[in-house]
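Visitor: I'm new to protein structures, and I'd like a close look at a single part of this one. Please show me the part you would start with, and take me through it step by step.

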Protein chains: 2
Amino acid sequence: MTDARADLALAYGSDARGDAELPDLVPIGAPRKLALDATDALREQILAGGLRRGTHLVEAKLAARLGVSRGTIREAFRMLAAEGLVEEAPRRGAFVVTLRGTDVREIYDVRAAIEGRAAALIAGRRDEAALSGLTDAIERIRVASASGDSREVRLMDLAFHEQLCALSGNARLHDIFVRYVPALQTLLGFDVLRYESLADIADEHRALVEAIRSGQPAAAAAAIERHCEEARDKVAEAIDGIAST
Amino acid sequence: MTDARADLALAYGSDARGDAELPDLVPIGAPRKLALDATDALREQILAGGLRRGTHLVEAKLAARLGVSRGTIREAFRMLAAEGLVEEAPRRGAFVVTLRGTDVREIYDVRAAIEGRAAALIAGRRDEAALSGLTDAIERIRVASASGDSREVRLMDLAFHEQLCALSGNARLHDIFVRYVPALQTLLGFDVLRYESLADIADEHRALVEAIRSGQPAAAAAAIERHCEEARDKVAEAIDGIAST
DNA sequence: GTCTGGTCGACTGTCAACCATCGACGGTGT
DNA sequence: ACACCGTCGATGGTTGACAGTCGACCAGAC
């Protein structure tokens, strides 16, 4: 789980975080399990669109293709299921998740709950370090939007929100975020809805950080929640529009 | 996962819920997987205290004892890990979770986030059916407290909070609640902290429902959050007190 | 006496092969 | 058109085996 979290973090760019490693070699990477590699491979395929929504994932075939045993694939399925990328139907197998408008709405409401709380925690603590971490994240959004790369902007946007959860100091909040959100975000394909103006994004987030900086947990939470709810409504509407496929 | 949810619900007494089954045989239970049985068996053992915190769970031994194969046990481990009852250390195995004060605090903050939003959703929807469902749950708390059975009161208390999440209409909020909370609650042993007066519990929850009934999402959320935070501080303090073990 | 190095058993991670059973599909008979 | 039936593919679960690691123990070197 910890590994999955780290991977996802990397996946959308927080590798650039300011973790300035201490003097020498300290931690040594945790022993990597094969099942995790399999999970990554499958996740990548799904998110990249190589496996379309609703696809039936056949254990044996994937095992053969990835060169691992069925047991390992099963393990990967379970992790992906926990991330919400795959649904398992007893006796029928695993399927690439199909998202409906209600799913999107639900997940964004979870986001509102989780991120709102995270913001409140940081605000209540008047955590300067966290605030500067968030400011850095905004800077990365700004850079991305200056370059005009809309996909990168979305990644950095998402990274900002993950930072928020990570910096809350509550590992479980962060866990939940990582488990539910990035997958969804990527499934949506980065272009369900278009920004009016890329430049506005950074400003919008700056306002959020200001709300947190105010030191009033309730206000901070409210700001983030509103942010999530707006996104929820826009995205869900867009999805419902397409869902007629 | 759905099954696990149902089981946990049963585990703390919502079997008494008002689901009055329709006429005849309708649903037929979903095909039950062996791994789920194993999960239940282990969970029960852990929660009942048969397996003490920190115990190393050895795959082969458990497999033999439960009469299933190692693969099945592994699957069970992963589910328990998702519920937070077990920690998996790569190459070293699975261990019964050891809770510290910070863990408790984290989980109660997750509760505040989740339940706060659930309350806000119900309030915003002015959902009469949900309100009456919650009222029923309170009634069960009252009955339990009248009987003086403090353990039963705790179960019904927890059931109330699960109802809140379930009735929010957001399955994912409910999922998160079920995954994080009941296990913790039970791990705490039902008696980390004593109620001053059992009778107060029902009243306290009645106030929560009134806040929801007001129809103001923010107020409803705030009430629940405060409720959770108070519990958090009390319980965490109690745990830290004992932790010197 | 403590630190180093090696041995050994225990356990996990993974694989391959196998079986019973369930579900979906397609053909058949009515 | 519809219900029945048999086949085929896939899952759920088992067994047995094996390499790599971890942890503990033991013995010798500094």
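**The surface near DNA strand C**

Guide: Let's start with the surface near DNA strand C, which has 7 nonpolar, 4 polar and 5 charged residues. Here Ala, Val, Leu, Ile, Met, Phe, Trp, Tyr, Cys and Pro count as nonpolar, Asp, Glu, Lys and Arg as charged, and the others, Gly among them, as polar. A residue is near a strand if its C-beta atom, placed from the backbone, lies within 6 Å of it. Keep in mind that this is a predicted model: local features need pLDDT of at least 70, side-chain atom pairs count only at pLDDT 80 or more, and totals for chains, interfaces and linings use all residues. Residues are numbered from 1 along each chain as its sequence is written, while chains are lettered from A and ligands numbered from 1 in the order in which they are written.

Of the 16 residues around DNA strand C, those that come nearest are L34(A), V68(A), S69(A), T72(A) and G93(B). At least two residues each come from α2 (34-48) and α4 (70-83) of chain A and from α3 (59-66) of chain B. Helices (H or I, at least four residues) and strands (E, at least two) are DSSP runs, numbered from the N terminus.

Strand β3 of chain B covers residues 93-96 and pairs in the antiparallel sense with strand β2 (residues 86-89) over 4 bridges; two strands pair if DSSP finds at least two bridges between them. Within this pair, E88(B) has A94(B) as its bridge partner. Between the strands lie 3 residues, and in this hairpin R91(B) takes a positive phi near 70°.

Now compare DNA strand D, which is surrounded by 17 residues, the closest being E59(A), G93(A), L34(B), S69(B) and T72(B). Here α3 (59-66) of chain A and α2 (34-48) and α4 of chain B each supply at least two residues, with α4(B) giving the largest share, 3 residues. By class, this surface has 7 nonpolar, 4 polar and 6 charged residues.

Finally, look at where the two chains touch: 24 residues of chain B are in contact with 24 residues of chain A, meaning that their C-beta atoms, placed from the backbone, lie within 7 Å. On the chain B side, α4 (70-83), α5 (101-125) and α8 (171-187) each give two or more residues. The largest share, 10 residues, comes from α5(B). That side divides into 14 nonpolar, 3 polar and 7 charged residues.
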